[in-house]
Structure formats: structure tokens, C-alpha cells
Amino acid sequence: MKKILFIFSTLLIFNCKGESQNKNSKETFKVTKTEAEWKAQLTDMEFYVLRQAGTERAFSSELNKNKEEGTYVCKGCNTPLFESQHKFNSGTGWPSFDREIKGNVAFSTDYKIGYARTEEHCAVCGGHLGHVFNDGPRDTTGKRHCINGAALKFIPKE
């Protein structure tokens with residue numbers, strides 16, 4: 001009986017393949033470019049963050065300390081992502097926001113460091129932005145959108 005249970009369990013484990021494991025399934029976005037086109041448009045750091053899901057060094061972005069009013073847009077396609085009134089100093093070294101502009105930021109799960117994190121990317125071009133955590137300001141949303149400054153461009157309010 002133990003052998004049958006072991007064989008059944010083994011078969012079940014190896015046959016439970018989710019869609020996220022399917023390397024052939026690619027999400028399509030409104031703005032698409034070739035790798036060469038992205039490289040021509042972006043700096044090396046911007047390409048690393050937006051197109052290769054990299055992370056810039058903490059405290060390296062000038063946008064981390066930006067206190068001006070305005071909108072933070074995607075560096076890849078200029079889609080508005082975050083408003084300045086939702087930005088806060090998290091002390092982490094990356095620009096942090098308690099909410100996104102609904103519909104312009106998409107979410108997925110990544111396991112790159114060994115456990116599940118909610119990854120954020122631009123819903124229009126698919127550029128990697130950062131991650132969202134549940135340790136943000138309790139008096140607002142409780143969320144901390146920890147975003148790479150290299151993925152953002154700031155547009156001051158007129």
C-alpha cells in the first residue's frame with residue numbers, strides 16, 4: 001500500500017505543471033520592441049531593470065529623494081504609473097508609493113530569490129518596475145510599491 005501511495009504521489013507531483021512554468025507562454029503588450037530597439041532607447045541600467053528584471057543599487061536614484069509634485073511614468077513607454085502624492089520615504093533606498101495608477105501597473109509572482117514576491121511591471125510595455133510588499137503606511141493602503149528609479153521618469157506638475 002505504501003508503494004502505491006508513493007508512486008501515486010510522485011506522479012501527481014511531476015504532473016502538476018502550472019501555466020507559470022510554461023516558458024513558451026508570453027504575455028503580449030500594446031508597446032513591443034525588439035531587444036535592439038530597447039537597447040537603443042534605454043541606458044544600460046534602464047535596460048537591465050526594465051527588460052531584464054534587474055534591480056538598481058539602493059539609494060542610487062535621484063528620484064528616491066524627489067519631493068516635487070507630478071507624475072512618475074514608465075521610462076520605456078511614458079505610461080503614467082504613480083502620482084507624487086502617494087510617494088513616501090520608506091527608508092529602503094528606492095522610490096516607494098502606497099498605490100499605483102489603476103490599470104497601468106500589472107502584477108505577477110516571481111520566485112527569483114527563493115520565495116514568492118509580487119512583481120510589478122508596466123501594463124503597456126511589460127517593463128519591470130519592482131515589487132509590492134504589505135509593509136507600507138497603515139493609515140493609507142498598507143502597501144509599499146518598491147520601485148526602481150531607473151524604470152521611472154518624473155514629469156513635474158504644470
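User: Is Phe 97 buried or exposed?

Analyst: The model is a predicted one. Buried means under 20% relative accessible area. Phe 97 has a relative accessible area of 0%, so Phe 97 is buried.

User: What is the relative accessible area of Phe 82?

Analyst: Phe 82 is counted as buried. The value behind this is a relative accessible area of 0%.

User: How many aromatic pairs does the structure hold, and at what angle are the planes of Tyr 72 and Phe 154?

Analyst: The structure holds three aromatic pairs. In one of them, Tyr 72 and Phe 154 are 4.8 Å apart, centre to centre. This pair is tilted, and the angle between its planes is 50 degrees.

User: How many residues apart in sequence are the parts that the pair of Tyr 72 and Phe 154 ties together?

Analyst: Tyr 72 belongs to strand E1, residues 70–74, and Phe 154 to strand E9, residues 152–156. Both Tyr 72 and Phe 154 are buried.

User: Which class does the pair of Phe 82 and Phe 97 fall into?

Analyst: Planes under 30 degrees apart count as stacked. The ring centres of Phe 82 and Phe 97 are 4.4 Å apart and the planes are at 15 degrees, so the pair is stacked.

User: Which strands hold Phe 82 and Phe 97?

Analyst: The pair ties together parts that are 15 residues apart in sequence. Phe 82 is in residues 80–83 and Phe 97 in residues 96–97, which are strands E2 and E4.

User: Which residues do ring pairs link into a cluster?

Analyst: The pair of Tyr 72 and Phe 154 is tilted. Phe 82 and Phe 97 make a stacked pair. Ring pairs link these residues into a cluster, made up of Tyr 72, Phe 82, Phe 97 and Phe 154.

User: What is the bridge partner of Thr 71 in E9?

Analyst: E1 and E9 run antiparallel and are joined by five bridges. For Thr 71, the bridge partner in E9 is Ile 155.

User: Which element gives the most to the largest nonpolar core?

Analyst: This core has 22 residues, and those with the most contacts inside it include Tyr 72, Phe 82 and Leu 152. At least two residues each come from H3, E1, E2 and E9. With three residues, the element that gives the most is H3.

User: Which elements do the buried residues of H3 pack against?

Analyst: Helix H3 spans residues 44–52, and its buried residues are Glu 46, Phe 47, Val 49 and Leu 50. Just after H3, Ala 53 takes a positive phi of about 55 degrees. The buried residues of H3 pack against helix H2 (35–41), E1 and strand E7 (128–133).

User: How far from the ring centre of Trp 38 does Arg 51 lie?

Analyst: The charged end of Lys 33 sits over the ring of Trp 38, 4.9 Å from its centre. Arg 51 also lies over the face of Trp 38, and its distance from the ring centre is 4.2 Å.

User: What is the relative accessible area of His 121?

Analyst: His 121 is part of strand E6, residues 117–122. Beyond its neighbours within four places in sequence, His 121 has contacts that include Glu 27, Phe 29, Asn 104 and His 128. His 121 is buried, and its relative accessible area is 6%.

User: What separates the C-alpha atoms of Lys 157 and Gly 70?

Analyst: Lys 157 is in the segment after E9 and counts as exposed at 60% relative accessibility. Leaving aside neighbours within four places in sequence, Lys 157 is in contact with Glu 69 and Gly 70. Lys 157 and Gly 70 are 87 residues apart along the chain, and their C-alpha atoms are separated by 4.3 Å.

User: What share of the 158 residues in the chain is buried?

Analyst: The chain has three helices and nine strands. Of its 158 residues, the buried share is 40%.

Definitions and conventions:
Residues are numbered from 1 along each chain as its sequence is written. This is a predicted model: local features need pLDDT of at least 70, side-chain atom pairs count only at pLDDT 80 or more; totals for chains, interfaces and linings use all residues. Side-chain values use heavy atoms; hydrogens and water are left out. Rings of Phe, Tyr and Trp (its six-membered ring) pair if their centres lie within 6.5 Å; planes under 30 degrees apart count as stacked, over 60 as edge-to-face and the rest as tilted. Helices (H or I, at least four residues) and strands (E, at least two) are DSSP runs, numbered from the N terminus. Buried means under 20% relative accessible area, exposed over 50%, partly exposed in between (1.4 Å probe, protein chains only). A charge sits over a ring if NZ of Lys or CZ of Arg is within 6 Å of the ring centre and within 35 degrees of the ring normal. Contact means heavy atoms within 4.5 Å. Two strands pair if DSSP finds at least two bridges between them. A nonpolar core is a set of buried Ala, Val, Leu, Ile, Met, Phe, Trp, Tyr and Cys residues joined through side-chain atoms within 4.5 Å.
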